[in-house]
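Hi,

Here is the structure I promised to pass on to you. Have a look at it first, and then read on for what turned up when I went through it.

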Amino acid sequence: MSDDMITEGMLDMFIFETEQGLENLENICLDSKDTGEFDEDNVNEIFRIMHTIKGASAVMMYQNIATLSHKLEDVFYFIRENNPENVPHAELVDDVLEVSDFITNELEKIKDGQESDGDSTELINRLSVFLDKIQGNVQGETVVPVEERPLQETPHFYIAPVASEDSRFYSIFITYMKNLDMANIRAYMAVNSLKGIAEDILFTPADIITNPESSNVVLEFGFRIALQTTETPDRIMELVNSSAGIENIEINECTSEEFLEFCAEAEAPMSSAGEVLTAPVETPTILIDSQKPQAVKEETAKKEKAAEKENSQAEEAPAKKAPARRPAPKKGEAQSFISVNIKKMDLLMDLIGELVIAEATVLQNPDLKVPGLDLSNFQKSAAQLSKITSELQDAIMAMRMMPLKNTFQKMNRIVYDTSKKLGKDIELEVIGEDTEVDKNIIEHISDPLMHLIRNSVDHGIESNEERVEAGKTEKGRIVLEAKNEGGQVWISVSDNGHGLNRESIIAKAKTNGLLGNRSEKDLTDKEVFNFITLPGFSTKKQVTEYSGRGVGMDVVVKNIQDVGGMLDIESVQGEGSTMTMKIPLTLAIIDGIIFSVADTNFVSPTNSVSEFIRLSSDKLIVEPDGEEYVMIREEYYPLIRLNKFYHLNGAVDNIEDGIVVVLTHEDKNLAIFADKLVGEQEIVVKPIPSYIKKVNGISGCTQLGDGSISLIIDAGALVRA
Amino acid sequence: MRILIAEDDFASRKFMLKFLSKFGECDVTVDGMEAVDAYLMALDAETPYDLVCLDIMMPAFDGYQALKAIRDIEQERKIPEEERAKIIMTTALNEGANVNKAFDLGCVAYAGKPIDQAKFESVLRKLELIP
């Protein structure tokens, strides 16, 4: 979902609360799958959730959602009051989940700014039938029937505005030159010029036209405008600044609350509406304000200033209610959360990236290299600075980290749905759902993970009969596990199904002509299994609703590679298979080793560099076709000379004069030849600008301490090259 | 049906007038204070308004104050619940807190600007102001 679609308070809140409720609902349903019934707490909770959703959606005028949740509430009302036995639990859970799906679907529409137009009648009818059935099941006189409770209209309605550009609130403070005549007229001109763009505008003093005295007030205390508009501050400035005699203009964006406060301030002496009404209203109340004794006025002016300061500070911290899918604190937890717009976090992240670069430019400044300079104090401060910037980085990283819990919970539902449709009995075990990953990465792995899970349910686990024949437990088992592993997160999906069949994969690969001139015996299991990640490769004979079309695994791999990760496949025939996604914890700032070739600097992520070595020329083997290999400790590594690869002139040619850097990627090694090592540094990964066409082997660029640009080597791409 | 519109912005006022004229006889005021005055006059003339639409950000009296004033007057004059004017706030201040504040003060609906005419009409229907 996009973050900027919704900026509208009421809708935001409705969507957020409803989503939260539905999530709870699903969890209750899935948890109760094993016990086979809802206990009293569950029933009460579901009743409460449906009641809340019903109320909220009625206020928001989503009739279809309101009537549907009303009906489900009825069902649970009956269950709560009568505690009937023989409730077909599976059926009930299905119905509840379908209601939840329906509402989720409608919410998506609302989020996209569409009408919520889904028809819930069919579902409602089904629920009615269900309700009749369980009512019929209950015997005896103690039955509390569900009274006809027509859906009551709420006392309130909220009419959501038609989607429009987001308007913002500004407070504008203008001061005029002290010797200016008719400042009130100038002020009015400013207001007048803003009227064209204003959706709403208020100003104080308000009587600038009718009261000539207000000119002095404007001169003395300045002129304040509260403006609601969709225009930018620059445009406002342009409009306001058109009249002469202006000394200073301040434009601050403010929240709607502050806007209202401003309005209230403007009408400060109005203590209660009732009182004013009974008093004869002859002089505008604003006038009373401007005629207050000087001292009082000054004090209020000061207060206003102070309040303004506070406001502008407060503005930055509490941020908008971002529709971030931050898990809300559960009841009873003492932690408090604020939700922050993800854009602000990204901005902070970028700024810290820039800070890291700036730090490097200062600490490695060429000016410091003057011989004989005493830098001991500088070095001390520099060390302190480095410590703080790296802590700052850790902090922002930690802030962006979110547990995988939500993503994993969705998988629960997928296993439930898919296995049910396929008639398989499968349990899902989740390990390490508290493992935290960068939010950006979570968004990227949700789809691939879903695909892997579906694959496991559909292809991995055999049908119940086959399992019994093979002497396995009838119930299949999928384990979803996440763990931290040296700067990476490993998320694995293992099943205890029949595993991958090496022969049938090879057979299929042959017909697709993927083997080339290699014989099948040369292929390791890993290489064979990797065939299934190629486009259009499926050994499944029948295409099912969920998988088998041969699109998918290649998409999975591509998604994972997009975030710099890789997919590892292990499988033992007859025992099951494990797919592991290995994904970097974060994308933006990494440790890198810098080396230079001719005048160009290259950086490689430290974790893909396995060693540097200086070799004698007898370790270099040149094949007749020009390909070069180096032998390190009796092992051969293909050698890439970066100067040849990128056509750089003036680089070192003799293997003994340069240095060999060994890179490792996915168990493959590669040696690259560079002129010299420069050092290690934290680097901020920036994408290569779009006006440069894709360069093979380069995944991004970064700025080094001396201000020069360095290219980031993508070991994976070079290995494949 | 008698309708009172309080709206300080000319364009919005014109829009509201045009939109609501098809449902009944509309009076327009430009600020909250005038709205309360008009409301009192109508009450005294025993032709009270059935529907009052209040903008929130207005000079002199803002929408909240006007809303509160009208409800206070009704309270004071012991006008029975069902005869009280239905009040709809029309504003671009859509933060939840503002909406709830308005509900607490006794408005019956809260319409975000720009106004969704279809929904507005359906609310009028639910309030039984129009058939």
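Let me start with the overall make-up of chain A, which has 22 helices and 23 strands. Please keep in mind throughout that this is a predicted model. Of the 721 residues in chain A, 44% are buried. If you take the contacts in chain A between residues at least 6 apart in sequence, 69% of them join residues at least 24 apart.

Chain B has 131 residues, of which 59% are buried. Its secondary structure consists of 5 helices and 5 strands, and read from the N terminus the order in chain B is β-α-β-α-β-α-β-α-β-α. For contacts in chain B with a separation of 6 or more, 60% come from residues 24 or more positions apart. The accessible surface of chain B is about 5500 Å², and carbon and sulfur atoms hold 51% of that.

Now for two helix pairs in chain A.

Sorted by class, the contact of α13(A) with α14(A) has 15 nonpolar, 3 polar and 3 charged residues.

The other pair is α16 (residues 439-460) and α20 (residues 553-562), again in chain A. Here the axes come within 9 Å and cross at roughly 150°, and α16(A) and α20(A) are therefore roughly antiparallel to each other. α16(A) passes α20(A) in a left-handed crossing. The helix α16(A) brings A:His444, A:Asp447, A:Pro448, A:His451, A:Leu452 and A:Asn455 to this contact, while α20(A) brings A:Met553, A:Val556, A:Asn559 and A:Ile560. By class, that gives 5 nonpolar, 4 polar and 1 charged residues.

- A:Gln364 sits in the loop between α13 and α14 of chain A. With a relative accessibility of 35%, A:Gln364 is partly exposed. Beyond its neighbours within four places in sequence, A:Gln364 is in contact with A:Lys369, A:Gln681 and A:Gly705. A:Gln364 and A:Gly707 are 343 residues apart along the chain, and their C-alpha atoms are separated by 9.5 Å.

- A:Lys109 belongs to helix α4 (residues 89-111) of chain A. Is A:Lys109 buried or exposed? The relative accessible area is 17%, so A:Lys109 is buried, the cut-off for that being under 20%. Not counting residues up to four places away in sequence, A:Lys109 touches A:Gln114, A:Glu115, A:Asp117 and A:Gly118.

- A:Val59 is part of helix α2 (residues 40-59) of chain A, and A:Val59 is buried as well, at a relative accessible area of 18%. A:Val59 and A:His156 are 97 residues apart in sequence, yet their C-alpha atoms are 5.9 Å apart in space.

- A:Met61 has a phi near 65°, a positive value in a residue other than glycine. A:Met61 lies in the loop between α2 and α3 (63-82) of chain A and counts as buried at 9% relative accessibility.

- A:Ala598 also has a positive phi, near 50°, and is likewise a residue other than glycine. You will find A:Ala598 in the loop between β13 (589-597) and β14 (600-605) of chain A.

- In chain B, a cis peptide bond joins B:Lys113 and B:Pro114, with omega about -5°. B:Pro114 is in the loop between β5 (109-112) and α5 (117-126) of chain B.

Definitions and conventions
Residues are numbered from 1 along each chain as its sequence is written. Chains are lettered from A and ligands numbered from 1 in the order in which they are written. This is a predicted model: local features need pLDDT of at least 70, side-chain atom pairs count only at pLDDT 80 or more; totals for chains, interfaces and linings use all residues. Side-chain values use heavy atoms; hydrogens and water are left out. Axes are lines fitted to C-alpha atoms, for helices over the stretch in contact, and angles run from 0 to 180 degrees between N-to-C directions. Helices (H or I, at least four residues) and strands (E, at least two) are DSSP runs, numbered from the N terminus. Angles under 35 degrees count as roughly parallel, over 145 as roughly antiparallel, 65 to 115 as roughly perpendicular and the rest as oblique. A crossing is left-handed if the near helix is turned anticlockwise from the far one by less than a right angle, and right-handed if clockwise. Contact means heavy atoms within 4.5 Å. Ala, Val, Leu, Ile, Met, Phe, Trp, Tyr, Cys and Pro count as nonpolar, Asp, Glu, Lys and Arg as charged, and the others, Gly among them, as polar. Buried means under 20% relative accessible area, exposed over 50%, partly exposed in between (1.4 Å probe, protein chains only). Accessible areas come from the Shrake-Rupley method with a 1.4 Å probe; for residues, only the protein chains shown count as cover.
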